[in-house]
Structures are given as C-alpha cells and as structure tokens.
Amino acid sequence: MVKRYLERFYVGLIILFLYAPILILITLSFNQSKSRAKWGGFTLHWYRELFQNEAIMNALYTTLIIALLSALIATIIGTTAAIAMNSMKRTPRMIMMGITNIPMLNADIVTGISLMLIFVALRYTLGFSSVLMAHITFNIPYVILSVMPKLKQLNPHTFEAALDLGASPVYAFFKVILPDIFPGVLSGFFLAFTMSLDDFVITHFTKGPEINTLSTKIYTEVRKGIKPEIYALSTLMFITVLILLILINRRNAEKKAPVRKA
Amino acid sequence: MNDNKLINLVNISKSFGDTMVLDELNLYIRENEFLTLLGPSGCGKTTTLRIIGGFEIPDKGQVIFEGMNITKLPPNERHLNTVFQKYALFNHMTIAENIAFGLKIKKKSKAYIKDKITYALKLVNLDGYENRMPDSLSGGQQQRIAIARAIVNEPKVLLLDEPLGALDLKLRQDMQYELIRLKNELGITFIYVTHDQEEALTMSDTIVVMNQGYIQQIGTPEDIYNEPKNAFVADFIGDSNIISSTMVEDKLVNILGVNFPCVDVGFGKNKPVDVVIRPEDIDLVRPEEGILAGRVTSLLFKGVHYEMEVMAGGREWLVHSTDLCAVGSEVGIKVNPYDIQIMHKPESEDEQAVELEV
Amino acid sequence: MRIKNISSTRAVKVPASDTGLQISKTNKVKWLSYPYILWMAGFIIIPLFMIIFYGLSNDEGRFTLENISLILNPVHKKALFLALELSLTSTLICLILAYPLALILSKFKMKSNSFIVLIIILPMWMNFLLRTIAWQNILERTGIINTFLQFFHLPTLNIINTPSAIVLGMVYNFLPFMVLPIYNVLIKIDKDIINAARDLGANSRQTFGKIILPLSLPGVISGITMVFVPSLTTFVISTILGGSKIVLIGNVIEQQFRLGNWNTGSGLSLVLMIFILLSMAILSKYDKESEGNNIW
C-alpha cells in the first residue's frame with residue numbers, strides 16, 4: 001500500500017515538474033506588473049492588448065498557416081509514401097526508413113543549417129515558402145511513423161475483398177483502406193502540426209529577416225524582456241488545445257460502444 | 001450437376017521469384033459443382049484460387065469463364081466472389097453496410113439492398129444482426145457474414161479460401177453442414193480450398209488433390225479415398241500403409257516377399273508398383289491363418305477403434321481394428337484382394353506429379 | 001512406416017502471398033513514393049552534402065581541413081567538452097527520472113494508453129522557449145524557489161546562469177523523449193512473459209533484472225539518443241538559462257552562421273555530426289527493425 005502511494009506521489013511530482021512552468025506562464029498572463037519578477041495584481045489587460053498588437057498577431061497568423069499547411073502537405077506526402085513503402089521489398093523499405101529517420105534523429109541545428117545552405121545555394125529567397133518547405137521536411141517522418149503501424153495491422157485481404165465485391169482500386173482505397181488507417185493519418189497530422197508549432201531552431205535558420213513565427217518572435221525578445229501579451233496568447237492557445245483534447249477523448253470514449261445506433 | 005464447363009484453366013503457370021508455384025496446370029470446373037482444391041501448404045491451391053478470383057495474374061495460360069478469356073480481367077469486373085480465410089470484413093462498417101458494399105457499387109435501389117440484406121442474413125442464420133459491428137461477433141458469425149456479403153452479389157461461383165481454418169473443431173463441423181446446405185439452396189458453384197482432408201471428403205462433389213504445383217488426382221471423394229492414384233494421394237488422404245512391391249502377374253502382387261491375390265490387372269509382369277492398404281482393411285487373425293505373420297508392437301485406443309502397429313515382414317503395418325490384440329501378441333495379417341490398391345511407381349522425380357484427366 | 005511426404009527432395013517454399021497489400025504485387029503503388037523520394041533527396045540528402053561541402057572548403061570553394069581543425073581552438077574545444085559534459089549529465093538524469101516513471105505508468109490500468117502519452121506531450125503546446133523562460137522565474141535570485149527557501153529561513157540557491165541551470169533546462173525539455181519510448185516498450189511486454197518468469201520461481205527483483213529490463217532496452221537506447229542529441233546541440237537553452245557567459249558548441253555554431261562564417265560553422269557542424277552518427281550507430285545496433293511506433 002505504501003508502495004502505491006509512493007508511486008503516485010512520484011508521478012505527481014514529475015507532472016508538477018512538467019507543468020510548473022506552464023502554471024507560471026498562465027499566472028504571468030494575468031499579472032498587472034509588466035515585469036515578470038513581481039506580482040502586481042490580477043488583470044485581463046494583456047488579453048485586450050494582445051488583439052491590438054499587430055506584430056504578435058502577424059506572427060501568430062504565420063505560425064498557424066505554416067503549421068496547418070506543412071502538416072497537411074506532409075500528411076499527404078507521408079501517407080502515400082507509407083503505402084508505397086509498405087508494399088516494397090525489405091531492402092528498399094529499410095533504406096527508405098533509414099532516410100526517414102534522419103530528420104528525426106539528427107540535431108535540429110544541423111537540419112536547419114543544411115536547409116538554409118541549400119536554399120541559399122539555389123538563390124532561393126528565405127521567407128515564408130522556405131520555412132514552409134523546411135517544416136514539411138521535418139514533418140513527413142512523423143506522419144510516416146504514425147501511418148506505418150496501422151498499415152501493418154491491416155488485413156491484406158480487406159482490400160481484395162472490396163475489389164472482389166466490385167470496387168475499383170481507387171474506390172476500395174478510399175472506402176476500405178483509408179478508414180482503417182485513418183486514426184494513424186490523423187495522429188500523424190496532429191503530431192506534425194504540433195511539431196511545426198513548437199519548432200524554433202529550424203525556423204530560425206530558414207526564415208530570413210522578413211517574417212517571424214511566434215517562436216522566433218519570442219527569441220528576439222528573450223534579452224529585452226517578453227511582452228506580457230505573449231503570455232496571454234500562449235495561455236489562450238494552451239487552454240484551447242486542452243479543451244479540444246478533452247472533447248476528443250470524451251467522443252472516443254462514447255464511440256467505444258460496440259453497437260452503433262442505426 | 002451438368003457437364004457444362006463453367007471455368008476452364010488452360011496451361012496455367014505461375015512463379016513467385018524463383019519458386020515455381022503452378023506448372024502447366026489444366027483444370028475445368030463444372031456448373032453447380034462443389035469442387036475442393038486439397039493439398040498441403042505450398043501446393044499451389046490458394047494460388048489457383050487467387051488466379052480464378054483475379055488477385056494473381058498467371059505468367060502463362062488462360063482462365064476461361066463462360067467461354068470468355070478473363071485471365072487479365074481485374075477482380076472487380078469478375079462475376080465471382082470470394083470468402084477470405086480471415087473473413088476480411090470491413091471493421092469500420094456495420095454488418096448491413098458490409099453486406100451492402102457490393103450492391104451499392106452496382107447502384108442497386110435502397111429497397112432492393114434492404115431486401116437482400118434481410119435475405120442474406122436469414123440464409124446464414126443471423127437475422128437481426130444488421131446494426132452490429134463486425135468485431136462484436138464471434139469468429140463463426142464473422143465467417144457467415146463474409147459468406148453473406150459475397151452471395152448477395154449473386155455470383156455464379158463462390159470461391160472459399162480455407163474459410164473454416166480459423167474456427168475451432170466443433171464450429172468447423174457445424175459450418176461444414178451449413179456450407180453444404182447453402183450450396184444446395186443457392187444452386188451455384190463452390191470452389192473450396194483446404195488442407196483438411198476430412199473437410200474435403202465431407203463436402204465436395206469433386207476433389208482435386210494438389211502437390212508442389214501439380215494436380216495429383218481428380219475425382220469424387222470415394223474415388224480419391226478408395227483408389228488413390230499414387231502414394232502421395234494415398235498418404236495425404238487418411239492413414240495408409242504404402243509398400244513398395246512387385247506386380248508378379250495380373251491379379252497377383254508380391255508384397256515383402258509374399259504373394260497376395262489382388263483384383264488389379266494390366267500392370268505387366270514383374271513390374272515395380274506401390275501398394276496401398278488402408279489400416280481398416282487389414283484383418284488381424286491367428287498367425288497360422290494370415291498371409292504374413294507378425295507381432296503387435298504398439299496399441300492406442302482411439303475411441304471408435306484401436307490403432308495398432310504390427311511388425312511383420314520387416315516393416316511396421318498400421319492397423320485399425322475394433323478387436324484388441326495386446327502388445328507382444330503374435331498375429332497374422334490378412335487382406336481381402338479388393339482392398340489392395342495397386343499404383344504405378346513413378347519412374348522419375350517429375351513423374352511423381354502425374355497430370356490426369358478425369 | 002507411414003510416408004509423410006513422397007518427394008520432400010523438391011521442397012517448395014510457400015509463396016509469401018499474405019504480406020503487404022495485394023496492389024503491391026502489381027507494383028502499381030510504387031509511384032506513390034516518388035514525391036517523397038524526390039522530397040527527401042532535395043531536402044535531406046543534398047542539404048547534408050552541402051554541409052560537408054561547405055565544411056571541407058574555404059571561401060573560394062577550395063578543399064581545406066581548416067574548418068574542421070578550428071574545433072581545436074581553445075574556446076571551441078571548451079564549448080564542445082562542456083556541451084558533452086552537460087548533455088551526458090542531463091541524459092543520465094533523464095534516464096534515472098524516466099525509467100521508474102515509465103514503469104509506474106505502464107502498470108496503470110488506463111482505458112487508453114494515449115491519455116498518458118497526451119499528459120506527457122501536452123506541455124509542448126506551450127511554446128518551448130516560453131517554458132524555458134519560465135524556469136528563469138523559478139530559479140532566479142528572487143525567484144519562486146528562493147522565496148520559498150527564504151520563507152523557511154533556509155540558505156538560498158543560486159543556480160541561474162550556471163551549468164546546473166542548463167542541465168535542468170535540458171532535463172525539463174527532453175524528459176518526455178526519454179519517458180515515451182521506454183513506456184511504449186514496457187506496455188508491449190506480454191504479461192504472460194512476466195507471469196512465466198514468476199511461475200519459474202523468479203522473485204520480483206529477478207523478474208525485473210532478467211526479464212523486464214533486458215526487454216525494455218530498445219526503448220532505453222532510443223530514449224538516450226532522443227535526449228542526448230538535442231541536448232548536445234542546443235543553443236537556446238544555454239542562451240536562456242546560462243546567461244551570456246556559458247557557451248556550448250551549439251552557441252558557437254549558431255554564432256558562426258549569424259556572422260556569415262558558413263564554412264567555419266559547417267566545419268564545426270561536421271564535428272558535431274560525428275557524435276550524432278555515433279549515437280545513431282549505437283541506436284541502430286540495439287534496435288533492429290524499428291519500423292514501428294517506438295518513439296511515440
């Protein structure tokens with residue numbers, strides 16, 4: 001019994017460790033004082049200010065657009081690639097998997113630098129599109145790694161069964177294969193979206209002077225002090241995601257019931 | 001059963017990489033036939049079925065269906081349906097949606113589809129399961145749904161790829177009766193793949209025994225069991241004693257140095273042959289009454305009969321009998337002439353796989 | 001004597017007819033991988049060769065080893081060794097913290113494992129720069145920890161702008177990457193294997209040492225790489241929590257690129273890549289066919 005409480009205490013401690021900085025940031029977003037060192041009373045001032053701050057809103061917009069587009073494109077390329085790879089012979093598949101693992105295992109700084117070098121070598125102007133391509137690059141592997149296990153679980157005969165019942169290969173893919181692997185595709189998309197949103201290093205090297213994502217905007221403010229509006233914005237984003245996840249979890253729990261009402 | 005050749009496989013060859021799976025296979029399937037492809041794993045039976053279904057394209061040869069060459073026709077354009085080994089139900093769809101899948105593609109009316117679903121579920125004894133999800137069903141139920149999903153499309157031929165392989169023994173036996181009933185009610189052709197000889201003997205009109213890419217024998221269950229054409233068939237179908245012997249003359253065969261009367265003729269004089277004697281066809285008598293004398297070396301109770309091994313004439317004989325002979329007792333072996341089955345001995349490796357016409 | 005197979009001399013291999021989708025056989029889906037192959041060649045393979053090219057040449061594009069040898073510069077050497085020291089320390093701390101956590105979590109009877117995974121990766125939805133900055137608040141001279149300590153009249157801690165603060169930042173940021181691979185391996189261990197060990201007389205300590213630990217090794221190795229590589233190469237954590245005085249190899253490389261010294265920066269990156277490749281080689285040795293989902 002003691003052991004169980006000890007175990008729970010330990011889990012609680014680690015979760016506190018992981019979430020303490022987040023609690024602090026949320027607190028700071030309600031802090032009247034502009035300095036993050038002292039508490040000046042509760043306010044919603046920064047939430048109002050946030051929407052007036054064009055620089056931050058622009059960075060937010062860029063961040064979201066890049067995250068959405070890169071996750072979407074990576075999901076399409078990654079899913080098709082995973083399907084092709086799943087049907088390959090062992091050796092080419094292993095080579096492809098090896099290459100897929102490079103951006104995941106390599107250091108962000110090396111990936112960022114290498115991408116910057118290729119853009120510059122091709123005289124491609126660093127900006128929105130270069131960041132987008134960089135994000136797609138490091139997002140694809142997450143999609144492949146999410147879709148691959150689902151493809152492996154697939155009963156190879158379901159596709160044949162659909163053909164057997166008269167479906168064309170394309171129809172069979174969308175009706176039978178895609179619904180089966182969809183959870184993997186979806187989690188790949190969300191993983192890619194999250195990775196893109198949270199990335200700083202690769203964006204830092206590929207963005208050029210013209211644009212900023214939230215990450216790079218925050219980095220430029222590290223020395224002179226973070227604007228409290230940023231705390232307000234990240235609190236809003238965090239709470240949104242939290243609520244979304246709770247909703248999804250609840251919906252999934254309901255879906256588990258074996259009988260579907262007609 | 002009539003003699004129309006519904007499907008004709010002509011000179012089919014197929015290899016995967018370096019492995020030759022089918023070599024110049026010829027086979028036809030008649031209308032309303034329950035035909036079983038029987039053989040050990042790797043014999044090419046599943047590949048044959050997949051070629052008929054359109055999931056494999058043969059390297060050589062033709063698939064003729066109702067007089068038309070459909071060798072390269074994709075599976076979705078063939079008028080036959082398959083029941084897969086592991087059911088291959090669409091797990092994200094309800095039972096009704098699964099059954100309606102093929103009909104929706106053919107753009108049938110809602111009312112027609114609804115009727116068909118009800119009819120098919122009744123046929124497989126699962127009325128009222130329309131809105132269940134596949135994974136809430138037992139293995140046997142899922143297999144029935146897979147069959148229902150296939151037959152609503154009114155195929156001329158139903159292909160079944162070891163459909164009972166994943167079920168337990170009792171359920172398998174129940175489903176065998178179910179399948180025979182279904183076939184009779186539907187009046188269509190079944191092509192059935194299995195490695196289970198008992199399943200094949202129970203259900204089939206015609207059994208095709210295959211090994212290593214060649215057809216070994218085609219015949220009714222009785223033919224196959226009673227008159228195996230070679231040692232492989234004899235051994236694969238039921239237990240048997242296969243003995244290398246010499247045909248002395250018509251109606252006389254020399255087995256292990258002793259002459260046995262038999263009924264076969266036309267093998268020539270002093271020709272090497274294989275002799276098959278089913279264990280239940282051996283009578284154990286007193287040593288002096290038998291043709292060969294021996295001693296019982298092992299005894300097992302098998303429920304319906306005893307299984308004994310008898311050392312006689314320098315080899316072990318497998319004997320099934322309802323009479324018990326204790327281990328160590330001296331016995332005589334006696335076989336009725338018509339229970340001795342004589343087979344040509346293959347003269348070369350290749351000839352082991354004889355091709356035969358029915 | 002019952003003959004089992006009359007011609008086993010011509011054994012035929014069973015065709016692998018139930019691997020992969022059927023469409024695979026006709027190779028119709030192969031073209032689906034072409035966009036990806038093109039993309040990976042253009043944005044992964046060629047760029048890596050660009051680093052090698054820049055790292056091994058001077059401004060005029062002539063071959064030189066000078067950029068590589070710049071690692072021997074005392075400042076660079078010190079930055080590399082400090083980065084190695086701090087990243088190894090934080091990897092070790094992560095392992096010590098994460099293994100028991102993963103073990104406890106794997107024993108929880110949850111309806112879905114994804115819930116636990118979510119708890120661990122949810123913090124990522126708060127920008128990681130901000131989360132690291134928040135540690136300034138906690139660690140500062142007048143920060144939360146010290147206010148707390150002062151309240152109880154305990155001696156205060158001054159770890160902001162020290163290597164310890166950087167290690168803490170690394171552990172904080174990369175702990176999830178250690179927990180998840182280990183957790184994922186642990187939950188996949190068949191309970192009957194553990195039951196079998198107990199059945200054969202192993203006590204819980206022996207079961208752990210002889211069964212669970214060896215089986216979870218791939219997850220541990222994967223976790224080590226996932227923590228070690230980003231720790232070794234970070235420049236953000238050291239900038240935020242190390243003040244301006246502590247320089248890691250990541251900071252040096254970032255600075256070289258900021259100043260436009262691409263050749264030097266690439267040369268130093270190549271040195272860094274040697275360490276990354278080393279850790280990948282170790283990973284691949286322990287993790288034979290890692291096509292599954294063992295990172296997430």
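Two residues are in contact if their C-beta atoms, placed from the backbone, lie within 7 Å. Among contacts in chain A between residues at least 6 apart in sequence, 77% join residues at least 24 apart.

This is a predicted model, in which local features need pLDDT of at least 70, side-chain atom pairs count only at pLDDT 80 or more, and totals for chains, interfaces and linings use all residues. Residues are numbered from 1 along each chain as its sequence is written, while chains are lettered from A and ligands numbered from 1 in the order in which they are written.

**Chain A**

Chain A holds 11 helices and 0 strands. Helices (H or I, at least four residues) and strands (E, at least two) are DSSP runs, numbered from the N terminus. The C-alpha trace of chain A spans about 70 × 60 × 40 Å along its principal axes. Of the 262 residues in chain A, 46% are buried; that is, 20 or more other C-beta atoms, placed from the backbone, lie within 10 Å of the residue's own.

UniProt, in an unreviewed entry, places "domain: ABC transmembrane type-1" at residues 60–248 of chain A. Such annotations may be inferred rather than shown by experiment. That stretch of chain A is 83% helix and 0% strand, with its end C-alpha atoms 24 Å apart.

**Where chain A meets chain B**

In the interface, 19 residues of chain A are in contact with 24 residues of chain B. Helix 7 (156–164) and helix 8 (169–198) of chain A each give two or more residues to the chain A side. The largest share, 7 residues, comes from helix 7 of chain A. By residue class, the chain A side divides as follows.

| Class (members) | Residues on the chain A side |
|---|---|
| Nonpolar (Ala, Val, Leu, Ile, Met, Phe, Trp, Tyr, Cys, Pro) | 10 residues |
| Polar (the others, Gly among them) | 5 residues |

**A sheet in chain B**

Chain B has an open sheet of 5 strands, in the order 15-19-16-17-18, with antiparallel pairing. Strands pair if DSSP finds at least two bridges between them. Strand 15 (282–285) and strand 18 (315–321) of chain B are at the edges; each has a single partner strand, so one side of each lacks a neighbour in the sheet. The twist averages 45° from one strand to the next. Strand 15 of chain B is joined to the antiparallel strand 19 (residues 330–335) of chain B by 4 bridges. Here Leu284(B) stands opposite Ile333(B).

**Confidence in chain B**

The mean pLDDT, the predictor's confidence in each residue from 0 to 100, is 88 for chain B, and 96% of its residues reach 70 or more. Over residues 349–358 of chain B the pLDDT is below 50, yet this stretch has 22 contacts in the model beyond near neighbours in sequence. Where pLDDT is low, the predicted coordinates should not be read in detail.

Terms used: Axes are lines fitted to C-alpha atoms, for helices over the stretch in contact, and angles run from 0 to 180 degrees between N-to-C directions. A residue is buried if 20 or more other C-beta atoms lie within 10 Å of its own, exposed if 12 or fewer, and partly exposed in between; C-beta atoms are placed from the backbone.
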